[in-house]
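Here are some short notes to read beside the structure. Keep the 3D view open and find each residue as it comes up.

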Amino acid sequence: GEKIYVCSPLGASSTKEIYENMHHAREFMYLAMQLFDCVPVAPHAYLPVLLNDTVADERNLGLRFGVELLSVCQHIFVCGPTISAGMAAEIKYAAREGIAIHVFNDLLRGKVEELCEGTNAKLNYHFGGDFVPLAVPSPKKYFNDKECFLRGLFK
C-alpha cells in the first residue's frame, strides 16, 4: 500500500495533553489504514516518548525526522479540527513537493488552501460520513460516545 503521513496536533500545555495527542495520532493511523488500505506513518505518535517537545534541540530533531519521513510518503492526511504551527509547516512542504494533501474537516479547507497558495498542491477533500472520525480531536472518544458528541454539536 501507499505510505500516508498522518498530520495531527501534538504540542500542548501539559505533558498529559501531549501524550493524549500522541494517542490520537495512533487512532488516526488505525482509521487511515482501515479506510484507505494504506501504510500510515506518524512520528509524533511515538517520538514524544523519546524526545522532549519542550526542549528546542529535541523538538527540532523530531521536526526534522518528521520532514524526512514525510518526504517518502505519497499522501498527507490533515487530521483533527485544528492546524498547529508544526502541521502548517508539514502541509506547506507537502504542497511544494507534490505530495497529495487530504483534508477531512471542512472548517480547515480555507486554512489549508491558504497554506498551499502559489503551489500546484494536489488537494483532496473527504467530508462527512465514514471520514468524520478523522476530522475530530479524538476518534476514540467519538466512537465511544457518538450520541453525546453529536448532541454537543447542536447545543
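1. Start with C38. This is a predicted model. In it, C38 has a relative accessible area of 10%. The cut-off for buried is under 20%, so C38 counts as buried.

2. Now look for a bonding partner. A disulfide is a covalent bond between the sulfur atoms of two cysteines. The test here asks for sulfur atoms within 2.5 Å. For C38, the nearest cysteine sulfur belongs to C73 and is 9.7 Å away. C38 is in no disulfide.

3. Move to H24. Find it in helix α1, which covers residues 15-36. H24 is buried because its relative accessibility is 11%. What does H24 touch, leaving aside neighbours within four places in sequence? The contacts are P137, S138 and K141.

4. Finish with the largest pocket. Its volume is about 300 Å³. The lining has 21 residues, and those closest to the centre are L10, H44, D53, R59 and L63.

5. Which helix gives the largest share of that lining? It is α3, with 5 residues. Helices α2 (47-50), α3 (56-70) and α4 (85-97) each supply at least two. Sorted by class, the lining holds 9 nonpolar, 8 polar and 4 charged residues.

Conventions
Residues numbered from 1 in each chain as written. Predicted model: local features only at pLDDT ≥ 70, side-chain atom pairs only at ≥ 80, totals over all residues. Heavy atoms only, no water. 1 Å grid on protein atoms, 1.4 Å probe; cavity = no way out; pocket = protein on both sides within 12 Å on 5 of 7 lines; lining within 4 Å. Points joined across faces, edges and corners; volume = space filled by probe spheres on them. Helix = DSSP H or I, 4+ residues; strand = E, 2+ residues; numbered from the N terminus. Nonpolar A, V, L, I, M, F, W, Y, C, P; charged D, E, K, R; others polar. Buried < 20%, exposed > 50% of the residue type's maximum accessible area, 1.4 Å probe, protein only. Contact = heavy atoms within 4.5 Å.
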